[in-house]
Amino acid sequence: MRTNAVTTETIFSKIIRKELPSDMLYQDELVTAFRDINPALPTHILIVPNEPIPSCNDVQPAHEAAMGRMHTVARKLAEEAGITDGGYRLIINCGEHGRQEVPHLHMHLLGGEDVGPMLIRKQSV
Ligand code: AMP
């Protein structure tokens, strides 16, 4: 799914603007972080650029500051969650094959227990 930077408003934009409730953990001028509403692990946080970039396919050089900030905020939130030593996984899904559901680029911070294998290998591969 190539979105060609169609900046469709999503539920995440409303969360960023605090028009919808969320369990928000962090916000600055570039990114916002809040708990996933349907957590897959004890720690499941979404870190999103404030700008509604639809997916990784739409990332431009002008977004490098926000993309970098997502990583430093992930590290800070992992420390606050106490999962730094145990380890964690950062995931960004992209498009249809990546099973991206919300077309506003976001990083999942997952941890608090073993996250399991990276991918379930398909039988045909
Ligand atoms: P993805 O499949 O990478 O697009 O992930 C979308 C994630 O957004 C899922 O893990 C959902 O549980 C999560 N999600 C959807 N709506 C909300 C919401 N209102 N607040 C927090 N997380 C949400």
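Colleague: Is phenylalanine 34 buried or exposed?

Modeller: Buried: in this predicted model, phenylalanine 34 has a relative accessibility of 3%. That counts as buried because the cut-off is under 20%.

Colleague: And how many aromatic pairs are there?

Modeller: The count comes to one aromatic pair. Phenylalanine 12 and phenylalanine 34 form it, edge-to-face, with 5.3 Å centre to centre and 70° between the planes.

Colleague: Where in the chain do the two partners sit?

Modeller: In distant parts, 22 residues apart. Phenylalanine 12 belongs to helix H1 (residues 11–16), and phenylalanine 34 to strand S2.

Colleague: What about phenylalanine 12, buried or exposed?

Modeller: Phenylalanine 12 is buried too, at a relative accessible area of 6%.

Colleague: Switching to helix H2. What span should its 18 residues have?

Modeller: H2 covers residues 64–81, and at 1.5 Å a residue it should span 26 Å. The C-alpha atoms at its ends are 26 Å apart, so the two values agree.

Colleague: Which residues of H2 are buried?

Modeller: Ala66, Met67, Met70, Val73, Ala74, Leu77 and Ala78. They lie on the same side of H2, because they cover an arc of only 140° around the axis.

Colleague: Why does that spacing work?

Modeller: An α-helix has 3.6 residues a turn, so residues three or four places apart point the same way.

Colleague: What covers the buried residues of H2?

Modeller: The cover includes strands S1 (24–27), S2 (31–35), S3 (43–49), S4 (88–91) and S5 (107–111).

Colleague: And what comes just after H2?

Modeller: Glycine 82, with a positive phi of about 75°.

Key:
Residues are numbered from 1 along each chain as its sequence is written. This is a predicted model: local features need pLDDT of at least 70, side-chain atom pairs count only at pLDDT 80 or more; totals for chains, interfaces and linings use all residues. Side-chain values use heavy atoms; hydrogens and water are left out. Helices (H or I, at least four residues) and strands (E, at least two) are DSSP runs, numbered from the N terminus. The expected span of a helix is 1.5 Å times one less than its number of residues. Buried means under 20% relative accessible area, exposed over 50%, partly exposed in between (1.4 Å probe, protein chains only). The arc is that of the directions from the helix axis to the C-beta atoms. Contact means heavy atoms within 4.5 Å. Rings of Phe, Tyr and Trp (its six-membered ring) pair if their centres lie within 6.5 Å; planes under 30 degrees apart count as stacked, over 60 as edge-to-face and the rest as tilted.
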